[in-house]
Amino acid sequence: MKEYRTINRIAGPLLFVEKTEPIGYEELVNITLADGSVKRGQVLDTSDELVVVQVFETTTGIGRDSGVRFTGEAIKMPVGREMLGRILSGGGKPIDGGPEIVPEKRLDITGAAINPYARSSPADFIQTGISTIDGTNTLVRGQKLPIFSAAGLPHNNIALQIARQAKVPGSTEDFAVVFAAMGITKEEANAFMQDFERTGALERAVVFLNLADDPAVERIITPRLALTTAEYLAYDLGMHVLVILTDMTNYCEALRQIGAAREEVPGRRGYPGYMYTDLAGIYERAGIIKGKKGSVTQIPILTMPGDDITHPIPDLTGYITEGQIVVSRELHRKGIYPPINVLPSLSRLMNLGIGKGHTREDHKKVSDQMYAAYAEGNDLRGLVAIVGKDALSERDRMFLEFADLFEQRFVRQGIDEDRTIGEGTLDLGWDLLSTLPVEQLSRIDRELIEKYHPKFRAK
Amino acid sequence: MEVNEEQKTTAGVLKRIAGPVVTAVGLNAHMYDVVKVGNEELMGEVIKVDGDANIIQVYENTTGLRPGEPVSNTGLSLAVELGPGLLTSIYDGIQRPLEVLVEKMGSFIERGVSAPGIPRDKKWEFKALAKVGDDVSPGAILGEVQETNIVHRIMVPPNMKGGRIATITSGSFTVEETICTLEDGTEFQMMHRWPVRVPRPVMEKKNPTIPLITGQRILDGLFPIAKGGTAAIPGPFGSGKTVTQQQLAKWSDAEIVVYIGCGERGNEMTEVLTEFPELEDPKSGKPLMERTILIANTSNMPVAAREASVYTGITIAEYFRDMGYDVSLMADSTSRWAEAMREISSRLEEMPGEEGYPAYLAARLSEFYERAGLVTTLAGASGSVSVIGAVSPPGGDFSEPVTQNTLRIVKVFWALDAKLSQRRHFPAINWLNSYSLYLDTLGPWYDTEVSPEWNPLRSWAMEVLQKEAELQEIVQLVGSDALPETEQITIEVARLIREVFLQQNAYDAVDTFCEMKKQYDMMKAIRSYADQSYAAQAAGVSPTQIISIKAKNDLPQIKFVKDYEPMLDGILKAMESEFTTLRSSA
């Protein structure tokens, strides 16, 4: 392998190397510094005269005298069964003091697109034990359901609670968690690690940590390493893998940084025009493949800058993912945990995983009815602020009270409270709905009311 | 423009690779020629000629390509294969059957694999309709093949000359075997190719007069689209664009449906794939899949193929239109298509227009929608392509370029509203912002086919909804008790229109499709409640009593019942007797 010493220009994370032999697009590059240390990078643009290399670490110490070797292949990742229980850096190197990973396979980290024809439709209900997810925004295996949060909200606790409690009722299949942190603080990382150790979850987890002070560019590959590992565990070893990616906002910032260094024409708010395609390359790696045992389910977490759901990061994410769980500052201020606002939240695959044979026949209609009633009650709060409670009709007052009850009993639950779907969540929903007159339950058919409504159940 | 088959294959060399856009030199290429790139012969298309250099967009992943690898020009434009075998297919953006790709390369989309758009080995039973000695012109029907339950008509390709038929044979043929020869020696096969960026010719474009019935109450009832018309569904994420598009693909009374999943979710395409074969066409009773062609280019598949997918879809739609069919085409989502243009444009370092989109965005969008229409085909039959495009405006902001440029062209606007979907009002189409410019031209159809009372009834419902919006503003300030009595009734009537008529459950076996007659009966029932309420109020009954009429609370239940008439009659009778009691006690 030939070493070039023809770096002409270094700008931010980019190296411009001249007069090379033909170099492949997206090839892995090793850069040797004067002190012998080696940094890694990837080819972003290749032509006869010039090759542009994006370095995954800081460019500190790289100079025109540094050596550049092109490895002739795309970035590959060594994967193996032993990875379970290990903690790796954002670049895939062990940082838990343990031995190097003995590879059983080396996989391309970009990951090819799953042929839609080879996909199998997600249908297995995952019980997270959180009512606002199970009851009203159900997660199913193979789904990508992000958590839209903001600075200062307990999204990490929610993610951990999901990781701890998630199960498919009645199933005993192999289950693993792949956790990728991008640009989170050491403190946050510690909280995650302690929780993994406390609950013994680390044994069946692979952890990738790119911390706030690690190179930003490394964040570009961290989620790809995590997903390559997840795909290996799922499709080669037949496990059901839950991938948690946090925080995608930091990932997008890194993407913007590279775009700027390449002097690309920026899109909205300075993010590159290809951010949709790039994010899709990550999120679309969730799914189930026909004829393979395992599955990849994704819960990406992102913090909305300025609590703005129309910001390009949550916006593009929402267009790719199958719904979103929105964490609300207002509920958090009221002291409600988990502060999930069900109104803007959505699970697009919910209907595939609920109902007879999955959860319970009344699930969809109970959920719709609660949504409608809570939305109505919530609207009335604005009115009450102006005209006072006394000006409301009796019907309106009932809906107003429903909204409060819904938040206090359905949304609020303990950080270790694991509710079952039937008795824990749906029956609780019926209890709350029974505070409304039966004829107001216009979204539920008579048959189900007579079967599940507490008034009839009691008889 | 003709597909130029004679041009020689010329050899070129790759010079630069940066993402999906590459540069080659030494090709004697024309714009939009299809080229084979690199040792693996990846498929690409010339999108810019700059001196000796050709800029090429590659339809497959370019990782690992090196400068110096060969590039060859096929001399052909990007074209689709048209002939028996199209129906029930699922293609990627450049008409490679995904099913065949799974067989050839497994569960993941690898690259450098080509696959013919329609099967070559399958034999079809061709029945000649034209006779020896007939003079046939381009577009004329030569014969037919029973493909699924759809009859596939074989035509003289519009880009070839006609003449007098020398031989024509019925029998079992593959798509490449000659079925007909002309006296001048021209041979016709059942398959021909057509360049996707060129609209197929027609005799005449006509003004649409018949609605595309979709079984969705808010669409058929309030904002209808005509057969051959254009509609846009813009909405923020989670407002139900895809569900609405899928409902249209399932239930619209078109004979052929082309569904383009352009840059959308893989799991959603899978859902369509598993669901459609199980659903029955309400008219024929056959699986819906038999009349459907799917094009799936998910968001993580190559961006250049996403750009092409929309053209692939509309060309296939035009082909079936030319056979005399009513075709509806759903594109979900045109914003992803526009973004693909933006991405490629920015790789070309073109001067960006608004929000980074290329300056030719408006032109491309209007060219696309203009390929819709009700036409007289070259063979003199009537056919149509209706185009329904989803738009995904960033942040739900309708002032962005894709939405605005689309609205300038389309005639129907179904505005999705996140507020409605949050309270689970589905379909979440905002009745105040939406419009249809076909109301006048379609009016006579509703008069004769539904009832002369329908058009006034529709206007009445729109008035009530409009009035409600005004009243709600007052209610927000002073509470509903402060409203005059008649207006309290109006609010209640509007609530019924919203909850009974507009809300429709796509997941309920019965409510998912609502025929026009039922829509009319439902609206008439609401009107009847309204009329009796105002009469009772005038006779001195208090609004509280009118609003608490019990029978009307059962109205939503008829949505879920197939043979609803007896139930509806019962509700109307009960309602009447309640009103009589109220009036007599007043």
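The model is predicted: local features need pLDDT of at least 70, side-chain atom pairs count only at pLDDT 80 or more, and totals for chains, interfaces and linings use all residues. Residues are numbered from 1 along each chain as its sequence is written, chains are lettered from A and ligands numbered from 1 in the order in which they are written, and side-chain values use heavy atoms, with hydrogens and water left out.

**Stop 1: chain A, residues 275-283 and 312-320**

Select helices α6(A) (residues 275-283) and α7(A) (residues 312-320), whose axes come within 10 Å and cross at roughly 55°. Helices here are DSSP runs of H or I of at least four residues, and strands are runs of E of at least two, numbered from the N terminus. Axes are lines fitted to C-alpha atoms, for helices over the stretch in contact, with angles from 0 to 180 degrees between N-to-C directions. The two helices are therefore oblique to each other; angles under 35 degrees count as roughly parallel, over 145 as roughly antiparallel, 65 to 115 as roughly perpendicular and the rest as oblique.

Now show the side chains. Contact (heavy atoms within 4.5 Å) involves, among others, Met275(A), Leu279(A) and Tyr283(A) of α6(A) and Ile313(A), Leu316(A) and Ile320(A) of α7(A).

**Stop 2: chain B, residues 454-478 and 485-502**

Move to α11(B) (residues 454-478) and α12(B) (residues 485-502), with axes that come within 9 Å and cross at roughly 120°. That angle makes α11(B) oblique to α12(B). Residues that meet include Trp460(B), Val464(B) and Glu468(B) in α11(B) and Ile491(B), Arg495(B) and Phe501(B) in α12(B).

**Stop 3: between chains B and A**

Show both chains. The contact takes 73 residues from chain B and 78 residues from chain A. About 6500 Å² is buried between them, 52% of it from carbon and sulfur atoms; buried area is the accessible area (1.4 Å probe) that two parts lose on being put together, summed over both. Select Phe237(B), Asn267(B) and Arg424(B): these lose the most area in chain B to chain A, together 13% of what that side buries.

Seven salt bridges are found across this interface, a salt bridge being a side-chain nitrogen of Lys or Arg within 4 Å of a carboxyl oxygen of Asp or Glu. For a salt bridge to look at, pick Arg446(A) and Asp554(B), with closest N and O atoms 3.5 Å apart.

**Stop 4: Glu3(A) and Arg69(A)**

Finish within chain A, where Glu3(A) and Arg69(A) form a salt bridge, their closest N and O atoms 3.3 Å apart. Glu3(A) lies in strand β1 (residues 3-4) and Arg69(A) in strand β7 (residues 67-74), so the pair ties together parts 66 residues apart in sequence.
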